[in-house]
Amino acid sequence: MQPIRRLDAPFPWMLDAATVAILDAVQAEGATIRFVGGCVRDSLLGKPVGDIDAATDAAPDRIVAALEKAGIRAIPTGIEHGTVTALKAGRHIEITTLRRDVETDGRRATVAFTDDWAEDAKRRDFTMNALFLDMDGALYDPVGGLPDLEARRVRFIGDAEQRIREDVLRILRFFRFHVQHGRGMPDADGLAACARLASLLPGLAGERVCAEIMNLLAAEDPAPTLHLMREQGVLTPILPEARNLPRLAALVRLTGHREEADPDPLRRLVALLPDAPAGAAVAWRLRLSNAARDRLAAMLAPAVIIDPAADAPARRRALYAVGKEIFRDLVLLDWAQRLADQGNSLPDWVSAGYRVHLAAADHWRRPSLPVTGADLLALGVAPGPAMGRLLKRLEAWWVAADFAPDRAACLAQAREWGGGEGEGLPSPSS
């Protein structure tokens, strides 16, 4: 296989000392190793590079031996599928032996190792992900990925339907890659194949679906792609509850203003949902973590009402009730819903009110009730339910007073109320 071009200069990450050491260790044993996948694709697009993946014609045990000989840690992260992770000085590189598929079932594949670079490329998903790059800057393109990459066209390698049947998750990856790297309308053959096979999506594990959906929602503007997914019958099999696309589109527009929000995939997911029961179903289906599930529930069943005309004390009470993170979520969702309901045009005072809320959240520091159970014990309140009731009553009084009463005032109020039953407590002088 001959290279189609050479880089004018290596990408900066290729010059990292740990990267050079890892590839040198493999090549010292006579193996060929080349970068592949996202690190090559993103570098050619001028995007930041995250993970670094490489492919090699050497068997996994040979790679492990080569790395260990050079004093580099070799982790068998997926050795049955040919993958070894090389770790040196904080740098991780996943090195995978060239493969061909022996058998697939739509979720996983049985593979055999090969030394044929073109055969390995043909089993990958999209042409832009099958570009190989060696340390000398030689770029190899066995499946025509470079023209697709330059055109920002996400295209399946070979027959789109066959690629999807090998791994049904590729339907979601097609749309996710389009929103992240594509331009214009998606490839027609790929789009048609995704629509034809969308009925296979419910067979995927919730965790796999969740990862793709969250990555898609984290893109700069996922709304048009989600509209397209719904039109093609791809969204309903995985997220039938996702009906509030106008609110998502409005939220995305708000996210475009740096002072209002950062892209947040969970908040964007909630923007799509109509109510709390729908959210509970989605949380279960996508196998969300407990923390994500709790946050989703707090957004869909808010404990406070967001009003852009609220004054500062009301805003502080709301912040105290739900915390700054959930308060920010609720403000943005409420703002987006109003925009969606009113044709994306709001009076200036309404938008200004939301901005004031967000600015207040940025600087909010949660105050603490100036008295504790120990203080009430010192006043003679017996531990137990009466003390709990008195603390809650005292906290509600303190919050209603805009957190102004200090410790002395809170203690005086506690003496007046006594154990919560109205009997009162002795004053300090009695």
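Me: Is phenylalanine 126 buried or exposed?
Reply: Phenylalanine 126 counts as buried, at 0% relative accessibility. Buried means under 20% relative accessible area, exposed over 50%, and partly exposed in between, with a 1.4 Å probe and protein chains only.

Me: What kind of model is this?
Reply: A predicted model: local features need pLDDT of at least 70, side-chain atom pairs count only at pLDDT 80 or more, and totals for chains, interfaces and linings use all residues. Residues are numbered from 1 along each chain as its sequence is written, and side-chain values use heavy atoms, leaving out hydrogens and water.

Me: How many aromatic pairs does the structure hold?
Reply: It holds 14 aromatic pairs. Phenylalanine 11 and tryptophan 13 form a stacked one, 6.3 Å centre to centre and 15 degrees between the planes. Rings of Phe, Tyr and Trp (its six-membered ring) pair if their centres lie within 6.5 Å; planes under 30 degrees apart are stacked, over 60 edge-to-face, the rest tilted.

Me: Why does phenylalanine 11 count as buried?
Reply: Because its relative accessibility is 16%. Tryptophan 13 counts as buried too, at 11%.

Me: What is the geometry of the pair of phenylalanine 126 and phenylalanine 174?
Reply: That pair is tilted, with 6.3 Å centre to centre and 50 degrees between the planes. It links distant parts of the chain, 48 residues apart: phenylalanine 126 is in the loop between helix H4 (117-122) and strand S9 (132-133), and phenylalanine 174 is in helix H7. Helices (H or I, at least four residues) and strands (E, at least two) are DSSP runs, numbered from the N terminus.

Me: Which residues form the aromatic cluster?
Reply: Phe126, Phe156, Phe174, Phe175 and Phe177 form one cluster. Phenylalanine 174 has 0% relative accessibility, so it counts as buried.

Me: Switching topic. Where is arginine 170?
Reply: Arginine 170 is in helix H7, residues 170-181. With a relative accessible area of 10%, it is buried.

Me: What does arginine 170 touch?
Reply: Arg123, Arg124, Asp125, Phe126, Phe156 and Arg163, not counting residues up to four places away in sequence. Contact means heavy atoms within 4.5 Å. Its side chain also reaches the backbone oxygen of arginine 123 at 3.2 Å.

Me: OK, the core. Which residues touch the most other members of the largest nonpolar core?
Reply: Leu67, Ile95 and Phe175, out of 124 residues. H16 gives the most to this core, nine residues. A second, separate core has 11 residues, including Ala55, Trp117, Ala130 and Val143. A nonpolar core is a set of buried Ala, Val, Leu, Ile, Met, Phe, Trp, Tyr and Cys residues joined through side-chain atoms within 4.5 Å.

Me: What lies over the face of tryptophan 117?
Reply: Arginine 34, at 4.4 Å from the ring centre. Arginine 366 lies over the face of tyrosine 320, at 3.9 Å. The cut-offs: NZ of Lys or CZ of Arg within 6 Å of the ring centre and within 35 degrees of the ring normal.

Me: Which residues of helix H15 are buried?
Reply: In H15 (residues 312-322), they are Arg315, Ala318, Leu319, Tyr320 and Val322. What covers them includes helix H16 (324-341), helix H17 (348-362) and helix H19 (385-400).

Me: And what follows H15?
Reply: Glycine 323, whose phi is positive, near 90 degrees.

Definitions and conventions:
Polar contact = N/O pair within 3.5 Å; in protein donor to acceptor, adjacent residues only side chain to side chain.
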